[in-house]
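Here are my notes on the model you sent over. Have it open while you read, and take the points in order.

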Amino acid sequence: MALLEVRGLAKGFGGLRAVDKVDLDVEPGERRAIIGPNGAGKTTLFNLITGYLPPDAGSVTFDGADVTGHPTYAIAKAGIGRAFQITSIFPGLTVFRNVQLGRLAQQGETARPFGSVEDRYASSVMEILGDCGLGALAGERAGNLSHGDQRALELAISLAMEPKLLLLDEPTAGMAPEETARTMRLVRRIADERKLTVLFCEHDMDVVFGTADRILVMNLGRPLAEGTPEEIRAHPDVQKVYLGEEVV
Amino acid sequence: MNRHDAARTGIAGRLSNLRPTGTVWAVLALIGFIAPLFANQRQTYVLMHVLVLAVFATSFNVMLGYTGMVSFAHGAYYGVGAYAVTLLWIHLGWPSLVGFLLAPVIAGAAAYLTGLVALRAVQLYFALLTLALGQLLFVVAFQWRALTRGDDGIHGVALPQLLMPTTNRYYFLLFATAVALAILGAVMRSPFGATLQAIRENGERAGFLGIKVKRYQLASFTLGGAFAGYAGAMFVIMDRGAFPLLMHWTTSAEPIFVTLIGGLNAYIGPTVGALIFGLLQDWITRRFVFWGLILGIVLLVIILRMPGGTVEGVQRLVAWIGRRRDRAPRGEPFDESSQPADAAERPREGAPAGEPTAGGER
Amino acid sequence: MTLDMLVLQLLTGLSRAAVLFIVAAGLSLVFGALRIVNVAHGSFYMLGAFLAVTVAAFVGGPIGFVAAIIAVPLLVALIGAIVERVALRSLYDKEHLLQLLATFALLLVFHDLVRGIWGERPHRLTAPDLLRGPVDLFGIIFPRYNLFLIGAAIVLAVGLWALMTRTGFGRDIRAAVSDPEMLGMVGVNVPRLFTLVFALGAGLGALGGILASPRSTVLLGMDVEMIIQAFAVVIIGGLGSLVGTAVGALLVGITFAFGVLFVPQAAMAMVFLVMVAVLVFRPYGLFGIPER
């Protein structure tokens, strides 16, 4: 059974059908990419899956449970983690505290009003920070980090939640080539080590073809094609709407 | 500061040198303990007022500094706490110490109920809605003469014999302050306190961590309101009375001023602010009628030039002195542009950071 | 309760709404363009009243009141412009709260300045004879001055509407309300616009203070009393909306007038209840737009 099952998901804004009857199955352990030109509905689809937007129609089933239209916190609790297209961290807190909050949330301890928070889960937090190459920056104010480090931190926060499925919205947006390569190596390594299922959307075709097991191509809110990287590369419609302009 | 961080980064270690708050607390406690020995009756009253203000402002900073919410209803809960003691005494004949213990519960309940309504709005409108709700409570206290005796207020609340001497009352309030600050401090250092800071920093991201933002904001509002009521009950022990002005929105402004003067980015800030505000107010009002003028100018200077308040100002000063000592003995002129980022923008673990935001998520 | 009494009370409410509208329009305008909730608006209201007392006494006679109405709002507008340049300019990129608190600090400063200059004694501002005494409106005896207030508010509302819709200045303000970033790009001198809007707001506050004074006394503390009511008006109507301000002023003025008639003790409480009720069902006020 698929870990994530999306059926007939739809969302419109005024007259625009941003996401139009999308079906999507993501198997456990899979690394799935969603690609498509700007306005294809990738981010909206993520927002629908994570409960940030209520869908007009369709259903989202995660790990056998219907989570359609559930609030964001419930979906996060169910095991869908998300890293954002726009870097979204807690800028005034330390890097350590940022990740620690993910651990606290995962342990259901955010409401615990006693006991010092300082060293709580310090070892597992430092381990995650180490994995993400942020170990030396633990005491730094998160807002002072470089863009690439902030993206890595965001990934670290999401990992601290120990999600079953990780959604990455353009993980390398705005990155220099070396940073991009580093970030994707990190994603691949962590996904392998932690047996994570990853669903990501991305503009950089090198990243997509180098990382994804399967690819869903969207255009104008609708699924256009789906398959392995080789199948997608060879797909005539895909070449027409998308690859033709970007890949060469 | 987390031990791991401190060990790994020299920066973090330096930061902890800047924050010897344990020592500062100890010095404050010592001063608090021996001060009455040197103070006359009037001065003891001033000190009691400082204690009440410290609890009132710290309870406010739970919302402002930690959760990033601005409330103009805080005076109302302060007043509810004060009236809880006086009304239970005058109508039911309950001893004032029983009222003292019930005051935070009643004020917390009032804060919870009004918070439910106010949290329908966010940011600026949240702040303005608390203003309306607080004024509503004020008008009730002002106009419902049968219950509160209206504008006349209630005076001469009976206290236990032991609390009649001013010095004893002072020590009672010192103890009450220590208890309140210890409880709030522990809660703010807990995972819950860290979660509130996460909401202040980025409510949307907190939501994606599975945190029910509104619920935590309501909890923060209720906790702040409860301890505002506790401060109000402390006021009754000091003043032996309650009157509607305690609930007016201009009273709600007082903890804001105190917090700003002390510094909203540190747990100790409101307490430092209370000391400065209380002593300054006493000193100025006895010499000069224009206290508001001076307070206003001081506040403008703080807002425009030193948003971190006294605590951060002192931290910067300490950092600057430290750096001067490191430099060649000749010393260069103080470089304004390179200096402030250091102390001001460092993370403050266990203490809130960053600019205040008007309440509400998003 | 006769119909006459109801109509009389309605008219009283309208005259109250008239002053509220003039004052709150300034508050709302400033919020709309500058995104600042100006607590010191109450100070401009009080300053207007006190300055008017002085100007009217200096000029003397029935002309004194007219001279005050013309000169004082201009003077307070100038004070407002200075305040905006000195105290508020550097806070625009900061959080709302700091701006709010800065204007609160200004309220304290102005309060003591007025106290220092005019003292704690209440003052009187008398309207010219022409505007005093009762008037017979189809059998209802009504103070002529209240009628004047209603007329003045209508004239002012039309004037503001024309200013906002028929002039370049108004077009710039409306642009500032909807998209401040675009404004600078299309070549509008934004800092100057903000100063002008703030000055206009301050002038309106002062005008409200002058017009309200003949009906009551000019008293220290009228700043706080008015700002809280003006807040109620703009919050009910929606911050930044002129139409909302008018509707809010009518609601507050009439609620208060009838509140006084039926439950005198709870009149102000009723105003706050209306405000809470509106915000609970429309968190951005009746005509407000959600905060960006």
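1. Let's start with chain A, which comes to nine helices and ten strands (helices are DSSP runs of H or I with at least four residues, strands are E runs of at least two, and both are numbered from the N terminus). Its radius of gyration is 18 Å, close to the 18 Å that the globule rule gives for 248 residues, so chain A is as compact as a globular protein of that length. For that comparison, the radius is taken over C-alpha atoms, and the rule is 2.2 Å times the number of residues to the power 0.38. Along the principal axes, the C-alpha atoms of chain A fill a box of roughly 55 × 40 × 35 Å.

2. A word on what you're looking at. This is a predicted model, where local features need pLDDT of at least 70 and side-chain atom pairs count only at pLDDT 80 or more, while totals for chains, interfaces and linings use all residues. Residues are numbered from 1 along each chain as its sequence is written, with chains lettered from A and ligands numbered from 1 in the order in which they are written.

3. How much of chain A is buried? Buried residues make up 48% of its 248 residues, where buried means that 20 or more other C-beta atoms, placed from the backbone, lie within 10 Å of the residue's own. Of the chain A contacts with a separation of 6 or more, 67% are between residues 24 or more positions apart (a contact puts two C-beta atoms, placed from the backbone, within 7 Å).

4. Now for a sheet in chain A. Four strands form an open sheet in the order S2-S1-S4-S5, with antiparallel pairing; pairing here takes at least two DSSP bridges between two strands. Strand S2 (16–26) and strand S5 (65–66) of chain A stand at the edges with a single partner strand each, so one side of each has no neighbour in the sheet.

5. Look at the pairs one by one. S1 (residues 4–13) of chain A runs antiparallel to S2(A) and is joined to it by seven bridges, and A:Leu9 stands opposite A:Val22 in S2(A). The hairpin of S1(A) and S2(A) has two residues between the strands, and A:Gly14 takes a positive phi near 60 degrees there. At the other end of the order, S4 (residues 57–62) of chain A pairs with S5(A) in the antiparallel sense over two bridges, with A:Ala65 in S5(A) as the bridge partner of A:Phe62.

6. On to how the chains meet. Chains A and C do not touch, and their nearest C-alpha atoms are 15 Å apart.

7. Chain C meets chain B through 37 residues on each side. On the chain C side, helices H4 (96–118), H9 (222–237) and H11 (267–281) give two or more residues each, and H4(C) gives the most, with 14 residues. This side of chain C divides into 28 nonpolar, five polar and four charged residues.

8. Finally, confidence. The model scores ipTM 0.85 and pTM 0.83. Chain C averages a pLDDT of 88 (the predictor's confidence in each residue, from 0 to 100), whereas chain B averages 83. In chain B, pLDDT stays under 50 over residues 1–18 and is below 50 over residues 330–362. Where pLDDT is low, the predicted coordinates should not be read in detail.

Conventions. Ala, Val, Leu, Ile, Met, Phe, Trp, Tyr, Cys and Pro count as nonpolar, Asp, Glu, Lys and Arg as charged, and the others, Gly among them, as polar. A residue is buried if 20 or more other C-beta atoms lie within 10 Å of its own, exposed if 12 or fewer, and partly exposed in between; C-beta atoms are placed from the backbone.
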